[in-house]
Amino acid sequence: MSHQDLINMTRSLVEHGAADTMEYADDIVRIPASSYTDPEMFEREKKQIFRRLPLMVAPSCELPEPGDYKALDICGVPLLLTRQKDGSVGAFLNMCKHRGNPLVEGTGNATRMVCGYHGWTYKNDGSLVGVASPQDFGAVDKASLCLTRFPVYEKSGLIWATLDPDSTLDIADYLCGYDELLGAFGFDGWTLFAQRTLPGPNWKTAYDGYLDFYHLPVLHKDTFGADFYNRANYFSFGPHQRLSTPSKYAIKVQGEDDQKIDLTQMADEDIPYEVLVQGVWTIFPHISIASFYGGGQRGAMISQLFPGDEVGESYTTQYYVMENKPETEADVKSAHEQFDFLEIVVRDEDYKTGKRQHEALQSGLLKEVLFGRNERGGQVFHQWVERLTNASDDELKDIFAAECKQAAE
Ligand code: FES
Ligand SMILES: [Fe+2]
C-alpha cells in the first residue's frame with residue numbers, strides 16, 4: 001500500500017462530499033444483545049482474540065532509549081517490553097524462570113533486571129545471566145532459562161506483540177500493509193507527551209464508539225458541538241478500518257487561524273499530510289488513532305483498549321503523542337488542555353453512556369441491537385470478532401494470507 005492509496009481515499013471522500021452522498025452498507029445488521037453481556041463469550045474473546053492475535057502494545061516513543069522497559073498486564077498475561085541494545089524491541093513473558101515472579105513493574109530504564117524474590121538476574125534481551133548463590137542452588141543450564149519470548153514487530157512508530165509464544169501467525173501478514181499506511185502519520189521520532197488509563201464498559205461497547213460518527217453531534221453536543229458531522233465512509237484493510245467524513249473541504253488547523261481548503265481545486269501532490277490521514281484509524285481489535293492539534297503542533301491521540309476482568313469492564317490507555325516536545329510554558333499548557341478535553345469526551349460522554357447501556361442490556365430484555373446502513377464500521381467489526389473468535393489456529397493463518405493476497409491485487 002502506498003501514498004497513492006491515501007490520495008485515492010481522499011479523492012473518494014471529496015467526491016462523496018461534493019455530491020452530498022456517503023457509502024452505505026447493504027443492510028441494517030442485527031447483533032444479539034447477549035454478545036455484549038455473555039460472560040462465556042467474553043472469556044472466549046479474551047482467549048481467541050486478545051491472547052492469539054497481534055496487539056499494538058505501545059507506541060515506539062514510549063520506549064525511545066536502549067534500556068527502556070515497560071511491564072503491563074493484558075488479559076491475565078504479564079508482558080515485558082524492552083528496548084534492547086541494538087535498538088530493536090524485545091517482548092517477553094514478565095515471569096522469572098525460577099518460580100514465576102514478575103520480573104519488573106511499570107516503566108523504567110535498566111540493562112539488567114534483578115528478580116525481587118531470590119535475585120536471579122536477566123539482561124534486557126531476556127537472557128539469564130545470574131543465578132543467586134549458584135553454589136547452593138545446583139547446576140542449571142542458563143541458556144535454557146531465558147525469559148519466554150513473544151513474537152514482536154515494530155513499524156511506523158508502533159509496536160505489536162502476540163501474547164502466544166507459539167504463534168505462527170506473521171504479524172506483518174496480519175496487518176496486510178495497513179502498517180505502511182499508518183506510516184503517513186510519521187510517528188517515528190515523535191514524542192510521548194502524556195498518557196493516562198481510563199476504566200470503561202465492555203470492550204466491544206467501547207470500541208463501537210470509536211467506529212461511529214453517527215453519535216458525534218448528539219452525545220458530544222456539549223463538547224464537539226451539535227452541528228458536528230455525523231457521516232463517515234469506511235475503508236477496510238482486513239479487519240482494520242479507517243473512517244472519515246465525506247467532504248470536499250478540509251480544515252487545515254494552524255492554531256488560531258484555521259484555514260478552509262477546497263480539495264476539488266487542489267492537485268494531488270499539494271494535499272497536506274493532515275488531510276491524507278484525517279478521521280479515525282482503527283487497528284483491530286483495540287486501537288483507535290486520531291490527529292489533533294495542540295501545543296503549537298501536530299499531535300495524535302492513540303487509544304489502546306483492553307478487556308477488563310469482568311464482561312462489563314475494559315480499560316483504555318490514551319497516549320498523547322506529539323511531533324516535538326512543546327517548548328514554551330504556553331505550548332505545554334495548551335497541549336495539556338487538548339489532552340484533558342479528550343479525557344472528558346471519552347470518560348464523561350462515551351464511557352459513561354457505555355456503562356449505562358451495558359447495565360440496561362444486562363436486563364436481558366432487549367434481544368438485539370441494530371447497526372444502520374450508515375454504521376458499516378460497527379457491522380464489519382462485529383463480523384470480524386465473530387469470525388476470528390471461531391477460527392482455528394490454522395484457519396487464522398489462511399484468513400490473513402487471503403487478506404494479504406487480496407490487498408496486493
Ligand atoms: S522467582 Fe525470581 S529469583 Fe526466585
Ligand atoms: Fe464518542
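**Entry 1. Helix α11**

I began with the length of helix α11 (residues 393-408) in this predicted model. Helices here are DSSP runs of H or I with at least four residues, strands are runs of E with at least two, and both are numbered from the N terminus. The expected span of a helix is 1.5 Å times one less than its number of residues.

I then looked up which residues of α11 are buried (under 20% relative accessible area; exposed is over 50%, partly exposed in between, with a 1.4 Å probe and protein chains only). They are Leu396, Ile399, Phe400, Glu403 and Cys404. These residues sit on the same side of α11, because they cover an arc of only 130 degrees around the axis; the arc is taken from the directions from the helix axis to the C-beta atoms. On the other side, Asp394, Asp398, Lys405, Gln406 and Ala408 are exposed. I noted that the buried residues pack against α4 (171-175) and α10 (376-390), where contact means heavy atoms within 4.5 Å.

**Entry 2. Conventions**

I recorded that residues are numbered from 1 along each chain as its sequence is written, while chains are lettered from A and ligands numbered from 1 in the order in which they are written. The model is predicted, local features need pLDDT of at least 70, side-chain atom pairs count only at pLDDT 80 or more, totals for chains, interfaces and linings use all residues, and side-chain values use heavy atoms, with hydrogens and water left out.

**Entry 3. Strand β14**

I next examined strand β14 (residues 240-244), in which five of five residues are buried. In a regular strand the side chains alternate between the two faces of the sheet. In β14, His240, Arg242 and Ser244 point one way, and Gln241 and Leu243 point the other way.

Which strands pair with β14? Two strands pair if DSSP finds at least two bridges between them. Strand β13 (residues 233-237) runs antiparallel to β14 and is joined to it by five bridges, with Asn233 opposite Ser244. The hairpin of β13 and β14 has two residues between the strands, and there Gly238 takes a positive phi near 60 degrees. Strand β17 (residues 280-283) is also antiparallel to β14, over three bridges; Thr282 is the bridge partner of Gln241.

I looked up the donors of the iron ion (ligand 2), which are N, O and S atoms within 2.8 Å of the metal (3.2 Å for Na, K and Ca); water is not among the atoms, so sites may look incomplete. His215 (NE2), His220 (NE2) and two OD atoms of Asp350 coordinate the ion at 2.0 to 2.7 Å. His220 lies in the loop between α7 (216-219) and β13, and Asp350 lies in helix α9 (residues 329-361), 130 residues apart. His220 is buried at 1% relative accessible area, and Asp350 counts as buried at 19%.

**Entry 4. Backbone exceptions**

Most residues other than glycine have a negative phi, and most peptide bonds are trans. I found a cis peptide bond from Phe284 to Pro285, with omega near 0 degrees. Asp20 has a positive phi near 55 degrees and is exposed, at 58% relative accessibility. Cys176 has a positive phi near 50 degrees, lies in the loop between α4 and α5 (178-182), and is buried at 7%.
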